[in-house]
Amino acid sequence: LAGVASTFHFELSRVAFAFLGKFRARARTVLEANRKVWNDFAATRKDLVDVSQTFGTTAFPRLLTAPVDQFIELLRDKYETSVVPGHFFEMSEHFRVGFGGSTEELREGLERMALALDEVSAG
């Protein structure tokens, strides 16, 4: 049975490589759109630093107005949205935002993030 799984994975990989150009084009299209959505959002925020993205799948902004852990807890608990705490990268004043998913989900997440940022900064 071990050979069956290996054969299946080999065939799946072979098929995937045949469509690699399509996967790459789709990924590029999604990421370009999402980077624009992120950059437009980030340009409106005075509470975030180091935010504009030209390449990649993530942003790693620094939060100026409140402790990051307080913001992340509020964002997760009240707004049901998650980001990655910067302390995982030894940069506790930062957090990581991924934008490799759907553009609509990113927009919704950024709307929630704006609410949480406004709330944590005010209070």
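Begin by selecting Asp47 and Arg45, whose side chains make a polar contact at 2.7 Å. A polar contact is a pair of N or O atoms within 3.5 Å; within protein, one must be able to donate a hydrogen and the other to accept it, and residues adjacent in sequence count only if both atoms are side-chain atoms. The model on the screen is predicted, so local features need pLDDT of at least 70 and side-chain atom pairs count only at pLDDT 80 or more, while totals for chains, interfaces and linings use all residues. Residues are numbered from 1 along each chain as its sequence is written, and side-chain values use heavy atoms, with hydrogens and water left out.

Asp47 lies in the loop between α2 (20–43) and β1 (48–49). Helices (H or I, at least four residues) and strands (E, at least two) are DSSP runs, numbered from the N terminus. Is Asp47 buried or exposed? Asp47 counts as buried because its relative accessibility is 6%; buried means under 20% relative accessible area, exposed over 50%, and partly exposed in between (1.4 Å probe, protein chains only). Now display the residues in contact with Asp47, contact meaning heavy atoms within 4.5 Å. Leaving aside neighbours within four places in sequence, these are Arg62, Leu63, Leu64, Thr65, Leu117 and Ser121.

**Helix α4**

Next, select helix α4, residues 103–122. The expected span of a helix is 1.5 Å times one less than its number of residues. For the 20 residues of α4 this gives 28 Å, which agrees with the 28 Å between the end C-alpha atoms. Colour the buried residues of α4, among them Leu106, Met113 and Leu117. The buried residues of this helix pack against α2, β1, β3 (62–63), α3 (68–79) and β5 (95–98).

**The aromatic pairs**

Turn now to the rings. Rings of Phe, Tyr and Trp (its six-membered ring) pair if their centres lie within 6.5 Å; planes under 30 degrees apart count as stacked, over 60 as edge-to-face and the rest as tilted. By this rule there are four aromatic pairs. Select Trp38 and Phe99, a stacked pair with 6.4 Å centre to centre and 15 degrees between the planes. Trp38 lies in helix α2 and Phe99 in the loop between β5 and α4, so the pair ties together parts that are 61 residues apart in sequence. Trp38 is buried at 0% relative accessibility, and Phe99 is buried with a relative accessible area of 1%.

Then select Phe60 and Phe89, an edge-to-face pair with 5.4 Å centre to centre and 85 degrees between the planes. Phe60 is in the loop between β2 (58–59) and β3, and Phe89 is in the loop between β4 (84–85) and β5, 29 residues apart. Phe89 counts as partly exposed, at 37% relative accessibility.

**Two loop residues**

Glu80 lies in the loop between α3 and β4, and its phi is near 50 degrees, a positive value in a residue other than glycine. Glu80 counts as exposed at 65% relative accessibility. Glu90 is found in the loop between β4 and β5. Phi of Glu90 is near 60 degrees, a positive value in a residue other than glycine, and Glu90 is exposed, with a relative accessible area of 75%.
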